[in-house]
Amino acid sequence: MLAPASGHYQRLVAVFASAVERAGYGLIISPMFEDIAVFARVGESTDVVRKEMYDFFDRSTPPNHLALRPEGTASVVRAFAQHRPALPFKAWYVGPSFRYEAPQAGRYRQHHQLGVEALGTEDPDLDVEVIALLAAYYCSLGLRRVTLRLNSLGDAVCRPAYRAELGAFLAARADALCDEHRVRYTDNPLRVLDCKKPPCVAATVDAPFQIDRLCEPCAAHIARVGEGLDALGVTFSVDRRLVRGLDYYTRTTFEFAAEALGSAQDAVGGGGRYGGLVEEMGGPPTPGVGFGCGIERVLLACDAEGVDLRGPAGVEVFVVDTTGGAAARDLTHELRLRGIGSDRAWDQRSFKAQFKAADRSGARLALVVGPDEAERGAVALKPLRGGGEQREVARSEVVDEVETVLDVQR
Ligand code: HAM
């Protein structure tokens, strides 16, 4: 990723970091690769594990079977089980995930996620906190057309009976399912509900849904999550088909979609609650809830909605020097010493070429030194954005003057 996109990426991370740190989440930095067993636990029947993991053997004897991280939750849970921090444990992360998927717009083999995981309580208000944080994040960036879907996948009490009911429902219609699910629906019947192919959609119109078959505690839990979101003004719709692509979820699941992306790759974030993952990683039974938010997708959504992600810093002043370059050398240095972002052109380019570069730099002011200005001991100060007249300032006063002008505009 090159500038300016990389600058937008940094800004997305910075805005996220300050929002979640203010809510009590601490940064966790987990390894990019781990024992494959850590990631296999996110779901033996999922595409992420079955088809998309980058795995390899290292040089140990016997060799370790390792995999590149396909998502963030497993590593956080593994670290929690290993280090046993105090509860509740609230962590945030940013970093690359690797999935061997068919690359297309918005779907990459290396993508980057921002995420949080909060472990240690079943309290549905924590689900609300996590979901509301992500909703507020999109909003704070300036995204306006992001929608939230919510579902509950039940728990170990009510899921088995529901799964059996759905399995029997699908068995009676197996011939009508898509090619893949006709043979694979028994691996995880719930995944058929998430299949976008017309045969599966048509065959499951009147399928039973988990959210209508919840045990009493699960029903109370999702009801409280809905009430909390309503109370905080976070708009959502219940999507009975929302299953998600990983196996560890119990109870709450959710997904945010950016309407402006208008494609199959419109999920800008998603997550939910998980029950058994910590135990599976060798820790004490500890529930958790979290989300992952795809940075590249958010960048695409911002682009599609015309959101300006330029940060306040960067190059603020561009020095155009047609007297040989010494004035540009000295002025950029002096400006930077004062903390003012500045840049210049090289190789004694023409006046026109230097102004083109000034425009591209995003600077708000150009300082122009031509032979006439140099002779008068002056610098021309030309606003590049927001209008205003060009005027001349004494060379000895120009840095102070730039500081004053930018302070007013900042
Ligand atoms: P996920 O839905 O698989 O969930 O991924 C989270 C987000 O990462 C997606 O909503 C999407 O924005 C982005 N994403 C996923 N795959 C790609 C890709 N190939 N290219 C570009 N962006 C992608 C998880 O990974 C869970 N760990 C979320 C979670 C955290 N659940 C509980 N805690």
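Where is Pro-62 found? Pro-62 sits in the loop between strand 3 (55–57) and strand 4 (65–68), with helices (H or I, at least four residues) and strands (E, at least two) taken as DSSP runs and numbered from the N terminus. The structure is a predicted model, in which local features need pLDDT of at least 70 and side-chain atom pairs count only at pLDDT 80 or more, while totals for chains, interfaces and linings use all residues. Residues are numbered from 1 along each chain as its sequence is written, and side-chain values use heavy atoms, with hydrogens and water left out.

Most residues other than glycine have a negative phi, and most peptide bonds are trans. Thr-61 and Pro-62, though, are joined by a cis peptide bond with omega of about -10°. A cis bond also links Leu-87 and Pro-88, with omega of about -10°. Pro-88 belongs to the loop between helix 4 (73–83) and strand 5 (89–98), and Arg-84 is placed in the loop between helix 4 and strand 5 too. Arg-84 is not a glycine, yet its phi is positive, about 45°. At 47% relative accessibility, Arg-84 counts as partly exposed; here buried means under 20% relative accessible area, exposed over 50%, and partly exposed in between (1.4 Å probe, protein chains only). Asp-347 is another non-glycine residue with a positive phi, this time about 65°. Its place is the loop between strand 13 (342–344) and helix 14 (351–361), where Asp-347 is exposed, with a relative accessible area of 70%.

Helix 10 (residues 216–231) has 16 residues and reaches 22 Å from its first C-alpha to its last, close to the 22 Å expected at 1.5 Å a residue; the expected span is 1.5 Å times one less than the number of residues. Its buried residues are Cys-218, His-221, Ile-222, Val-225, Gly-226, Gly-228 and Leu-229. These cover an arc of only 160° around the axis, which puts them on the same side of helix 10; the arc is that of the directions from the helix axis to the C-beta atoms. Their cover includes helix 5 (124–141), strand 7 (146–152), strand 9 (249–258) and strand 10 (267–274). The other side of helix 10 has Glu-216, Asp-230 and Ala-231 exposed. Just after the helix, Gly-233 takes a positive phi of about 75°.

Helix 13 (residues 326–337) has 12 residues and spans 17 Å from first C-alpha to last, close to the 16 Å expected at 1.5 Å a residue. Buried here are Ala-327, Ala-328, Leu-331, Thr-332 and Leu-335. Seen down the axis, they fall within an arc of 120°, so they line one face of helix 13. Arg-329 and Leu-337 are exposed on the face turned away from that buried side. Gly-339 follows helix 13 and has a positive phi, near 85°.

Helix 16 (residues 398–409) is where Val-399 is placed. Val-399 is buried, with a relative accessible area of 8%. Leaving out residues up to four places away in sequence, Val-399 touches Leu-331, Glu-334, Leu-335 and Arg-338, where contact means heavy atoms within 4.5 Å. Glu-403 also lies in helix 16, but at 27% relative accessibility Glu-403 counts as partly exposed. With residues up to four places away not counted, Glu-403 touches Arg-338 and Ile-340. Between the C-alpha atoms of Glu-403 and Gly-226 there are 50 Å in space, and the two are 177 residues apart in sequence.

Apart from residues up to four places away in sequence, Thr-253 touches Arg-149, Leu-150, Asn-151, Ser-152, Leu-153, Leu-242, Arg-244, Gly-271 and Gly-272.

Asn-151 and Leu-153 turn up again in a cavity lining, along with Tyr-162, Leu-190, Leu-193, Gln-210, Arg-240 and Val-243. A cavity is a set of points on a 1 Å grid over the protein atoms alone where a 1.4 Å probe fits but cannot get out, and lining residues have an atom within 4 Å of a point. Grid points are joined across faces, edges and corners, and a volume is the space filled by probe spheres set on the points. The count comes to one cavity of 30 Å³ or more, and the largest cavity has a volume of about 30 Å³. Its lining divides into five nonpolar residues, two polar and one charged, with Ala, Val, Leu, Ile, Met, Phe, Trp, Tyr, Cys and Pro counted as nonpolar, Asp, Glu, Lys and Arg as charged, and the others, Gly among them, as polar.

Conventions
On a 1 Å grid over the protein atoms alone, a cavity is a set of points where a 1.4 Å probe fits but cannot get out, and a pocket is an open set with protein on both sides within 12 Å along at least five of seven lines; lining residues have an atom within 4 Å of a point.
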